[in-house]
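Subject: Structure handover

Hello,

Here is the structure I promised to pass on. Please open it first, then read the notes below.

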Amino acid sequence: MSSHMPNDARVVPLRPRDGRPDTPAPAPGEPLWRDLVGDVLRRERQAQERTLRDVADTARISVPYLSEVERGRKEASSEVLAAAARALGLGLGDLLSRAHSELARQSAAGRRPSAAPTRGLCLAA
């Protein structure tokens with residue numbers, strides 16, 4: 001037996017809010033890796049008082065693309081991340097370590113000690 005769809009049936013893929021197909025939604029309150037990495041790149045660039053153009057030219061990537069990476073709008077490849085990191089005088093491991101530290105900091109800040117358990121009556125209909 002083969003299953004057939006009726007002629008008038010259509011398959012409509014669901015799209016997440018950012019319009020990219022097949023992208024799972026992040027857990028509520030969970031930071032995205034691309035945001036963390038972008039924040040690290042931007043902070044380091046600004047700390048060095050360098051422009052997007054300067055870093056992008058050194059890394060051999062386009063200014064708009066580097067801007068998108070810094071804003072967490074693009075999932076950059078490891079090659080692009082390594083080039084951006086090198087342009088800032090960092091290794092890829094340094095970049096990822098800083099992003100991991102930021103993730104740990106944000107995760108710890110998001111965890112609050114739970115309140116003492118309360119006793120009550122729960123009614124269900």
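Start with Arg50. Leaving out residues up to four places away in sequence, Arg50 touches Arg45, Val55, Thr58, Ala87 and Leu88; contact here means heavy atoms within 4.5 Å.

A word on the basis. This is a predicted model, in which local features need pLDDT of at least 70 and side-chain atom pairs count only at pLDDT 80 or more, while totals for chains, interfaces and linings use all residues. Residues are numbered from 1 along each chain as its sequence is written, and side-chain values use heavy atoms, with hydrogens and water left out.

Back to Arg50. It sits in the loop between helix H1 (33-47) and helix H2 (52-59). Helices are DSSP runs of H or I, at least four residues long, numbered from the N terminus. Arg50 counts as buried because its relative accessibility is 19%. The cut-offs are under 20% relative accessible area for buried, over 50% for exposed, and partly exposed in between (1.4 Å probe, protein chains only).

The side chain of Arg50 has two partners to look at. One is the side chain of Asp54, a polar contact at 2.6 Å. The other is the backbone oxygen of Ala87, also reached at 2.6 Å. A polar contact is a pair of N or O atoms within 3.5 Å; within protein, one must be able to donate a hydrogen and the other to accept it, and residues adjacent in sequence count only if both atoms are side-chain atoms.

Seven of its 10 residues are buried, so H4 is largely enclosed by the rest of the structure. Those residues are Val80, Leu81, Ala82, Ala83, Ala84, Ala85 and Ala87. They pack against H1, H2, H3 and H5. Just after H4, Gly89 takes a positive phi of about 80°.

Leaving aside neighbours within four places in sequence, Leu81 is in contact with Val37, Leu41, Val69, Ala76, Leu92 and Leu95.

Last, Tyr65. It lies in helix H3 and is partly exposed, at 26% relative accessible area. Beyond four places in sequence, Tyr65 touches Lys74, Glu75, Ala76 and Val80.

Best wishes

Key:
Helices (H or I, at least four residues) and strands (E, at least two) are DSSP runs, numbered from the N terminus.
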